[in-house]
Amino acid sequence: MTVRTRIAPSPTGDPHVGTAYIALFNWVFAKSQGGEFILRIEDTDAARSTPESEQLILDSLRWLGLDWAEGPDVGGPFGPYRQSARKHIYQEHAHRLVEQGDAFYCFCTSERLDEMRAAQRAAGENPRYDGRCLSLTADEVHAQLNSGAEHVIRMKVPDTGHCEFRDELRGGIEIPWSQVDMQVLIKHDGFPTYHLAVVVDDQLMGITHVLRGEEWINSVPKHLLLYQYFGWEPPVLCHLPLLRNPDHSKLSKRKNPTSVNYYERIGVLPEALANYLGMMGWSMPDEREIFSAEDMAKNFELTSIHLGGPVFDLEKLSWLNGQYLRALSPDEFMDRVQDWALNREHLAKLVPLLQERTERLSDLVGQADYLLGDRRALQRDDFAHKTLSEEQVGVIIEHTLREFDALRHWRRDDLHQICKRLADHLGLKIREFLFPLFVSISGRSVSLPLFDSLVVLGPDLSRMRLRDALDVLGVSKKQGKRLEKQHREYQALTPSQPKRIIRPERGRLEQ
């Protein structure tokens, strides 16, 4: 048997270090067994998936030195490798389950389902579908379908007993069927849910081992039940521990940069980041800390993965990156610096901003330092303004960050429109509104044009600097929730509604 592993990211945002971590371990395990590593794109969330995000994922994994035997860009015998192109395959399999009696049509409205779940929660029960449409007769189902009634396809789940399965790291696991919902398999729009698509794809693509994050453990009963219904042999399961922040909470962009692109942009070498991700829950037999992905593959065993939550520590990563930088020859070091920021492609973005403002080449450093490296560390007093209160500054940065987080295309005009709408909503002049953003991004009250600077920096560095500014201001958890509520109210406004002006009272932010 040829070992086949896969990574199946969703192209809905920035390439996440958690995705890179799971991809690395799948790649390493496949290589250690003389097997094959596959890349598949799970893009059935049509509203959020973008080609740009898909390309960023492919680029980031290749930057880390990972390659794949089959995928959307290289093809292969089991394609297509994008789920959006496999819709007919999932529908065929779902209807097969209905014909077998292992799945059923559900015509319940979202309102009815919300009421059902609310009643279950009020009664202290685990919210799950109550099986109402299971009692429909064949004639009733046909009548509903013929009338064009909106519907989904759900899988049947046993009422009693337990699902027992083995995880390669955790041994035997048992989950009561009473905790497993009758999962939707095909949605109203005809697209599959993750649970049907992942089982069908893994089977048809010959995946033998599934290495994924431990957050998927509770979904295993649904997947194993589908394998049973189809009469297929399930793959070997291995659920890796989740990456953690230094406070041991789940790694999140609110506390740590999570985009692979961020680390590339700040000058972390790809081999250093791959090395560091390999240390997340695993170590070389001789305990050495400097090793390549190829070294890892030569020494790798699944059972040597540690279950304790691995901590993603930026200081440790910086130390490791320093080891790699100091091991370079002078020529190699210069090549890396040039590839990082002094290449013609990157400099071409800076020329329109700098050339008309430069009298001596030595002026360049003072003008563009925050675009080439870190901006200076901020102080709370940097945000002092003659008309804006500190509370207003926090509102501006928080709202802008939330809008930037949701932005699918990082373009100058889109960034400008976001800020203009927010300024109007807050009843501020655009110059007032932009002041705290200038400070957050450049460390100065006046700098090169803000929106051009944002484009040069890119979304990852820009968002991280805004988050850092909120930390400097000392936005409390309580205030953060209030700002989140205000932002939801802003998003809910329609053009026909009057703009509600937020005028926070002057004062310090809560500690």
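Axes are lines fitted to C-alpha atoms, for helices over the stretch in contact, and angles run from 0 to 180 degrees between N-to-C directions. Helices (H or I, at least four residues) and strands (E, at least two) are DSSP runs, numbered from the N terminus. The model is predicted: local features need pLDDT of at least 70, side-chain atom pairs count only at pLDDT 80 or more, and totals for chains, interfaces and linings use all residues. Residues are numbered from 1 along each chain as its sequence is written, and side-chain values use heavy atoms, with hydrogens and water left out.

**View A. Helix 16 crosses helix 18.** Two packed helices are described by the angle between their axes and the distance between the axes. Here the axes of helix 16 (residues 412–426) and helix 18 (residues 450–473) come within 9 Å and cross at roughly 125°. The two helices are therefore oblique to each other (under 35 degrees counts as roughly parallel, over 145 as roughly antiparallel, 65 to 115 as roughly perpendicular and the rest as oblique). Contact, meaning heavy atoms within 4.5 Å, is made by Arg412, Leu415, His416 and Cys419 of helix 16 and by Phe451, Asp452, Leu454 and Val455 of helix 18. These residues divide into 5 nonpolar, 1 polar and 2 charged (Ala, Val, Leu, Ile, Met, Phe, Trp, Tyr, Cys and Pro count as nonpolar, Asp, Glu, Lys and Arg as charged, and the others, Gly among them, as polar).

**View B. Strand 1 is covered on both faces.** In strand 1 (residues 4–7), Arg4 and Arg6 on one side and Thr5 and Ile7 on the other are all buried (under 20% relative accessible area, with exposed over 50% and partly exposed in between; 1.4 Å probe, protein chains only). Strand 1 pairs with strand 2 (residues 36–39) in the parallel sense over 4 bridges; two strands pair if DSSP finds at least two bridges between them. The bridge partner of Arg6 in strand 2 is Ile38.

**View C. Helix 6 is mostly covered.** In helix 6 (residues 194–204), 9 of the 11 residues are buried, including Tyr194, His195 and Asp202. The buried residues pack against strand 1, helix 3 (87–100), strand 7 (184–186), strand 8 (209–213) and helix 7 (220–230). Just after helix 6, Gly206 takes a positive phi of about 70°.

View D. Strand 3 pairs with strand 4 (residues 152–155) over 4 bridges, and Ala103 stands opposite Met155 in strand 4.

Methods. Left-handed = near helix turned anticlockwise from the far one by under 90°.
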